Amino acid sequence: MSEANKGQKDFWSGKGGDLWVQRQNVMDIMLKPLGEAALQKLELSEDANVLDIGCGCGNTTLSIAGKIKPRGRVTGLDISEPMLQRATESALELSLDNISFQCVDVQTEDIGSDTFSAAFSRFGVMFFEDSVAAFRNINKSLLPGSPLSFVCWQSPIQNPWQSLFVQEVKKFIDLPAPPPRSPGPFAFMESNYVNSILENSNFESIEIEGHEAEVNMFSGRSLADSVKDYMAINPVVSEMLKDSSNEVKQEIIKSTMEVFSPYYSDKGLIFPGAAWLVTAKKEANA
Ligand SMILES: C[S@@+](CC[C@H](N)C(=O)[O-])C[C@H]1O[C@@H](n2cnc3c(N)ncnc32)[C@H](O)[C@@H]1O
């Protein structure tokens with residue numbers, strides 16, 4: 001049997017994860033406002049024990065640790081060794097000792113039972129091969145009645161940085177459509193699908209709210225560098241282009257720069273964007 005989530009592990013612990021570490025600041029500028037909107041949905045007590053799912057380089061984990069120190073604790077889980085290493089270094093730099101990071105697959109590994117008083121994720125829950133198994137595991141790790149809050153992307157149509165890019169790629173390569181709902185940034189674009197995953201994982205009081213916001217990508221980078229970064233930092237895009245020649249990649253860069261240029265200014269790329277803010281609770285009598 002093949003190893004679960006192998007493609008994601010290869011990406012996030014390989015070149016993709018390395019690039020996320022190198023571009024951590026610009027990725028945090030892009031994702032921070034959306035993560036904060038999801039974090040505001042969690043009322044964290046001062047002795048909370050919080051789980052941060054797919055915490056990456058740890059920006060949200062550190063922010064939660066700062067909010068609930070000294071009594072509250074937070075654990076960041078991820079499959080990316082380079083991103084977790086960055087997260088650990090940042091916690092040391094900030095002298096935060098109420099925080100820990102572990103390299104685990106949230107879908108397949110033991111992450112505890114009746115342990116956490118809240119679970120959170122900023123775009124870290126759309127990459128599981130078996131989302132119900134992952135959310136059952138998350139559910140099991142929570143104390144009865146505890147809240148879950150996460151943010152994930154709505155469809156590419158509402159996030160033109162993806163739809164415009166795919167439209168350009170299709171001019172140069174014959175792209176088979178990826179199976180719907182397969183792991184990737186847009187796996188949770190259908191709110192009824194997200195709802196069914198949570199229901200099947202024993203969550204209740206499920207609420208899914210649309211949230212529109214400007215998305216500032218690759219702030220401070222040139223237009224050409226932003227397009228090149230985008231092609232390498234998104235696991236689905238990187239997979240689409242893996243067999244393309246350098247010539248084809250250059251054509252795609254040129255063509256994408258043209259369609260992205262109306263969105264580019266000295267602040268970087270600014271696109272309209274739309275995410276789902278999802279909240280739920282573990283059953284009180286579980
Ligand atoms: C889009 S990044 C978001 C990272 C971080 N939450 C942030 O907002 O900067 C998705 C994260 O999910 C992690 N991830 C993917 N599959 C995972 C799994 N099965 N278990 C734990 N983490 C996973 C990746 O390694 C990556 O760090």
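This is a predicted model: local features need pLDDT of at least 70, side-chain atom pairs count only at pLDDT 80 or more; totals for chains, interfaces and linings use all residues.
Q: In which loop is the place of Phe 218, and is Phe 218 buried or exposed?
A: Most residues other than glycine have a negative phi. Phe 218, in the loop between β6 (203–217) and α9 (223–233), has a positive phi near 55°. A residue is buried if 20 or more other C-beta atoms, placed from the backbone, lie within 10 Å of its own, exposed if 12 or fewer do, and partly exposed in between. Phe 218 counts as buried because it has 22 C-beta neighbours inside 10 Å. Phe 123, in the loop between β4 (118–122) and α6 (131–141), also has a positive phi, near 60°, and Phe 123 is buried, with 22 other C-beta atoms within 10 Å.

Q: Which peptide bond is cis?
A: Most peptide bonds are trans. The bond from Lys 69 to Pro 70, however, is cis, with omega near 5°, and Pro 70 sits in the loop between α4 (59–68) and β2 (73–78).

Q: Which residues touch the most other members of the largest nonpolar core?
A: A nonpolar core is a set of buried Ala, Val, Leu, Ile, Met, Phe, Trp, Tyr and Cys residues joined through C-beta atoms within 7 Å. Of the 73 residues in the largest one, Ala 119, Phe 120, Ile 138, Phe 150, Val 151 and Cys 152 touch the most other members. Helix α3 (residues 24–39) gives the most to this core, with six residues. If neighbours within four places in sequence are left aside, Ile 138 is in contact (C-beta atoms, placed from the backbone, within 7 Å) with Ile 53, Val 106, Ala 119 and Leu 148.

Q: Which residues around the ligand come nearest?
A: A residue is near a molecule if its C-beta atom, placed from the backbone, lies within 6 Å of it. Of the 25 residues around the ligand, Trp 12, Gly 54, Gly 56, Arg 122 and Phe 127 come nearest. Helix α3 gives the most to this shell, with three residues.

Note on methods. Residues are numbered from 1 along each chain as its sequence is written. Helices (H or I, at least four residues) and strands (E, at least two) are DSSP runs, numbered from the N terminus. Two residues are in contact if their C-beta atoms, placed from the backbone, lie within 7 Å.
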